[in-house]
Amino acid sequence: MASIFGHGLVGFTLSKVVDSVSNRVLLFLAIASAILPDLDVIAFKLNIPYSHPLGHRGFTHSIFFAIIWAILLALLFGKNRKQIFGIVIFLSTVSHGLLDALTSGGKGIGFFIPFDNSRYFFPYQVIKVSPLGLRKFFSEWGIQVILSELKYIAIPCSIILITLFILKKTK
Ligand SMILES: [Zn+2]
């Protein structure tokens with residue numbers, strides 16, 4: 001994974017870009033959905049192998065999961081804005097696997113599970129993979145993660161958010 005901060009920031013940015021009224025519930029759901037796929041690390045505790053379809057970076061990181069999850073949350077929370085909720089939640093959830101596919105470690109992402117169990121990476125793996133434990137995160141490794149995420153996630157997201165802010169002000 002990228003770190004939970006990197007994933008969460010992308011969810012936040014996507015929600016701000018797509019949802020013109022910045023609904024708070026949707027903002028929260030977008031951040032949570034961008035982080036959620038990594039709950040599958042529980043697979044390691046359950047002795048499910050990494051490369052199994054239900055293993056880490058498997059089903060919860062797939063496009064199919066993102067669609068089901070988006071429909072579910074849109075129906076539950078979307079009220080009269082189900083379409084916007086669905087789009088933002090789908091993009092936030094799917095962004096997780098896309099970011100992971102840019103990271104430098106672990107196994108690839110099972111984008112097409114349950115239809116194809118292969119794992120994929122992008123050709124450019126520019127984001128330093130984040131350690132799974134908190135203690136390891138506050139280390140030399142953690143610093144490298146932060147630096148790569150600043151460059152490839154935080155700065156691009158900030159530019160988008162600032163542009164959006166200026167556009168709204170000048171309307
Ligand atoms: Zn992940």
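The legends below describe close-up views of a predicted model.

The model is predicted, so local features need pLDDT of at least 70 and side-chain atom pairs count only at pLDDT 80 or more, while totals for chains, interfaces and linings use all residues. Residues are numbered from 1 along each chain as its sequence is written, and side-chain values use heavy atoms, with hydrogens and water left out.

**View 1. Helix H2, residues 24-35.** Helices are DSSP runs of H or I with at least four residues, numbered from the N terminus. H2 has 12 residues, and the distance from its first C-alpha to its last is 17 Å, close to the 16 Å expected at 1.5 Å a residue. The expected span is 1.5 Å times one less than the number of residues. Buried in H2 are Leu26, Leu27, Leu29, Ala30, Ser33 and Ala34. These residues cover an arc of only 165° around the axis, which puts them on the same side of H2. The arc is that of the directions from the helix axis to the C-beta atoms. Arg24 and Phe28, on the other side of H2, are exposed. Buried means under 20% relative accessible area and exposed means over 50%, with partly exposed in between (1.4 Å probe, protein chains only). The cover over the buried residues of H2 includes helix H1 (4-18), helix H4 (63-77) and helix H5 (82-100).

View 2. Ser22 is not a glycine, yet its phi is positive, at about 50°. With 18% relative accessibility, Ser22 counts as buried.

**View 3. Helix H4, residues 63-77.** The 15 residues of H4 should span 21 Å at 1.5 Å a residue, and the end C-alpha atoms are 21 Å apart, which agrees. Phe65, Ala66, Ala70, Leu73 and Ala74 are the buried residues of H4. They cover an arc of only 155° around the axis, which puts them on the same side of H4. On the other side of H4, Leu75 and Leu76 are exposed. H2 and H5 are included in what covers the buried residues of H4. Just after H4, Lys79 has a positive phi of about 45°.

**View 4. An aromatic cluster that includes Phe64 and Phe115.** Rings of Phe, Tyr and Trp (its six-membered ring) pair if their centres lie within 6.5 Å; planes under 30 degrees apart count as stacked, over 60 as edge-to-face and the rest as tilted. By this rule the count is 7 aromatic pairs. One of them joins Phe59 and Phe64, whose ring centres are 6.4 Å apart and whose planes are at 55°, so the pair is tilted. The rings of Phe64 and Phe115 have centres 5.5 Å apart and planes at 85°, so this pair is edge-to-face. Phe64 lies in helix H4 and Phe115 in the loop between H5 and helix H6 (134-137), so the pair ties together parts that are 51 residues apart in sequence. Phe59 is partly exposed, with a relative accessible area of 25%, and Phe64 is also partly exposed, at 31%. Phe115 is exposed, with a relative accessible area of 67%. One aromatic cluster is formed by Phe59, Phe64, Phe65, Trp69 and Phe115.

**View 5. Ser95 and Ile87 in helix H5.** Ser95 has 8% relative accessibility and counts as buried. Apart from its neighbours within four places in sequence, Ser95 is in contact (heavy atoms within 4.5 Å) with Val10, Leu14 and Ala34. Ile87 is partly exposed, with a relative accessible area of 40%. From C-alpha to C-alpha, Ile87 and Asp19 are 9.4 Å apart in space, and they are 68 residues apart in sequence.

**View 6. Loop residues Arg57 and Pro114.** Arg57 lies in the loop between helix H3 (42-45) and H4. Its phi is near 65°, a positive value in a residue other than glycine. Arg57 is buried, with a relative accessible area of 0%. Pro114 lies in the loop between H5 and H6. The peptide bond that runs from Ile113 to Pro114 is cis, with omega near 5°.

How values were computed. Helices (H or I, at least four residues) and strands (E, at least two) are DSSP runs, numbered from the N terminus.
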